[in-house]
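Hello,

Here is the structure I promised to pass on to you. Have a look at it first, and then read my notes below with the picture open beside them.

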Amino acid sequence: MNGRQLARTVTGRGGSGGLRARFRGVAVFAAGVLALTACGGGESGADAKGGDKAAAATRSVKHDAGTTAKVPAQPKRIVSVSVTMTGHLLALDAPVIASQATPPSVITDKQGFFTQWSEAAAKNSVKVAYQGFEPDVEKVLALKPDLIVGASSGAENAEKFYDKLSAVAPTLLYRHDDVSWQDLTARLGKDLGLEKRAGEVVAAHEKRVGEVKAAITVPKQSAALVRDNQSAMTVFTPESAQGRLLTALGFTVLEPPAGKGQTQGGRSDFAEFSQEKVADTAKDSSLLFVSHTPEEITAATARPVWKDLAAVEDKRVYDLGLDTFRLDYYSAGNLIDKIEKAFG
């Protein structure tokens with residue numbers, strides 16, 4: 001594929017001469033990228049000058065959108081097209097130069113990075129690649145990545161952009177909804193040549209879990225992991241990342257109501273049910289709210305369907321924090337801190 005074909009793949013075909021002129025610079029840059037790639041060699045070759053073989057080595061990586069060849073064994077310029085995946089990458093000390101950002105909200109900093117890892121992003125000079133859930137391929141191209149990492153689940157699912165992103169740089173996409181963050185960290189460590197760091201991150205987390213488990217007293221009742229959606233209620237399963245962490249800390253996590261709830265994008269870690277059905281299932285369970293402000297929790301438990309539950313009357317309602325909808329190393333640590341404070 002030549003530079004002009006690559007530019008067409010990235011930006012789409014068609015348009016007037018003015019559009020072609022607009023992307024003439026893209027084509028020139030793409031041709032340069034291809035020339036550099038050609039100099040990079042094969043699966044384990046040296047660079048054009050016969051320099052450092054390790055720097056030029058590549059590997060094939062199987063991920064959740066396929067198998068990608070010529071993934072750098074030691075990437076130097078990673079662009080994350082998933083604000084969820086960015087936290088996992090930063091915990092690994094991966095060389096992230098830029099990340100997708102979301103519209104700013106109560107769970108992000110002012111530029112749209114999640115608060116649990118925004119400090120780490122600032123420390124590592126991570127730039128905003130673009131804001132929004134659809135990848136801005138032109139902006140990604142301008143960042144000159146040697147590897148792109150994204151998601152194949154959630155709101156930032158980039159599978160339909162995979163071919164265009166792959167034309168810019170080797171691209172790896174991962175599901176993050178049906179796997180623990182520890183397993184995802186281990187997988188990323190293997191795929192990015194950061195196995196040692198991945199082991200250290202998981203080990204530090206497990207040590208903290210053991211310390212807190214020994215220091216807290218959990219309720220004898222099961223724990224219902226819920227998120228209020230006004231007209232309905234989301235219930236997180238024991239197999240969710242949140243459920244697994246609570247189980248590791250000694251809690252018994254409530255199973256969702258019987259029957260099939262409404263899921264989001266085929267997710268298996270939570271489902272949405274009516275308020276009445278969740279309240280009937282929860283009965284005497286303690287209520288642990290995921291990703292809410294204290295004011296939102298107060299409003300939810302004041303509703304007629306909730307206010308007479310034993311958990312509300314006995315004040316067994318707990319705030320797990322705004323950043324606990326998506327667990328990574330950072331937000332998992334914050335959740336553990338909340339549990340330690342509430343049950344220590």
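Which residues in α10 meet which residues in α16? Keep in mind as you look that this is a predicted model. On the α10 side, they are V201, A204, H205, R208, V209 and V212. Their counterparts in α16 are Y329, A332, I336, D337 and E340. Sorted by class, the contact of α10 with α16 has seven nonpolar residues, three charged ones and one polar one.

To find the two helices, look for residues 195-215 (α10) and residues 329-343 (α16). Two packed helices are described by the angle between their axes and the distance between the axes. Here the axes come within 11 Å and cross at roughly 10°. An angle under 35 degrees counts as roughly parallel, and α10 and α16 are therefore roughly parallel to each other.

Two of the residues in that contact also form a salt bridge: the side chains of E340 and R208 meet with N to O at 2.8 Å. This pair links distant parts of the chain, as E340 in helix α16 and R208 in helix α10 are 132 residues apart. E340 has a relative accessible area of 31%, so this residue is partly exposed. R208 counts as partly exposed too, at 25% relative accessibility. There is also a network, in which salt bridges that share partners join D93, R197 and E200.

How many salt bridges are there? The count comes to 13. Here are two others that you can look up:

- E134 and K160 meet through their side chains, at 3.8 Å from N to O. E134 lies in the loop between β5 (127-131) and α7 (137-142), and K160 in the loop between β6 (147-151) and α8 (162-168), so the pair ties together parts that are 26 residues apart in sequence. Both E134 and K160 are exposed.
- D183 forms a salt bridge with R244, and their closest N and O atoms are 4.0 Å apart. This pair links distant parts of the chain, with D183 in helix α9 (residues 181-191) and R244 in helix α11 (residues 241-248), 61 residues apart. D183 counts as partly exposed at 45% relative accessibility, and R244 is partly exposed at 34%.

Now for the sheet. In what order do its five strands lie? The order is β10-β9-β8-β11-β12, in an open sheet with mixed pairing. The edge strands, each pairing on one side only, are β10 (270-274) and β12 (317-319). On average, neighbouring strands are turned by 35° against each other, direction ignored.

Inside the sheet, β8 (residues 223-228) and β11 (residues 286-289) run parallel and are joined by four bridges. If you want to find one partner pair, V226 has F289 as its bridge partner in β11. Helix α12 (residues 275-282) packs on the sheet, where this helix touches β8, β9 (232-236), β10 and β11. The direction of α12 makes about 105° with that of β10.

One last stop is S231, in the loop between β8 and β9. Is S231 buried or exposed? With a relative accessible area of 64%, S231 is exposed. S231 and S274 are 43 residues apart in sequence, while their C-alpha atoms are 7.1 Å apart in space.

Enjoy exploring, and write back with any questions.

Best wishes

Notes:
Residues are numbered from 1 along each chain as its sequence is written. This is a predicted model: local features need pLDDT of at least 70, side-chain atom pairs count only at pLDDT 80 or more; totals for chains, interfaces and linings use all residues. Side-chain values use heavy atoms; hydrogens and water are left out. Two strands pair if DSSP finds at least two bridges between them. Axes are lines fitted to C-alpha atoms, for helices over the stretch in contact, and angles run from 0 to 180 degrees between N-to-C directions. Contact means heavy atoms within 4.5 Å. Angles under 35 degrees count as roughly parallel, over 145 as roughly antiparallel, 65 to 115 as roughly perpendicular and the rest as oblique. Ala, Val, Leu, Ile, Met, Phe, Trp, Tyr, Cys and Pro count as nonpolar, Asp, Glu, Lys and Arg as charged, and the others, Gly among them, as polar. Buried means under 20% relative accessible area, exposed over 50%, partly exposed in between (1.4 Å probe, protein chains only).
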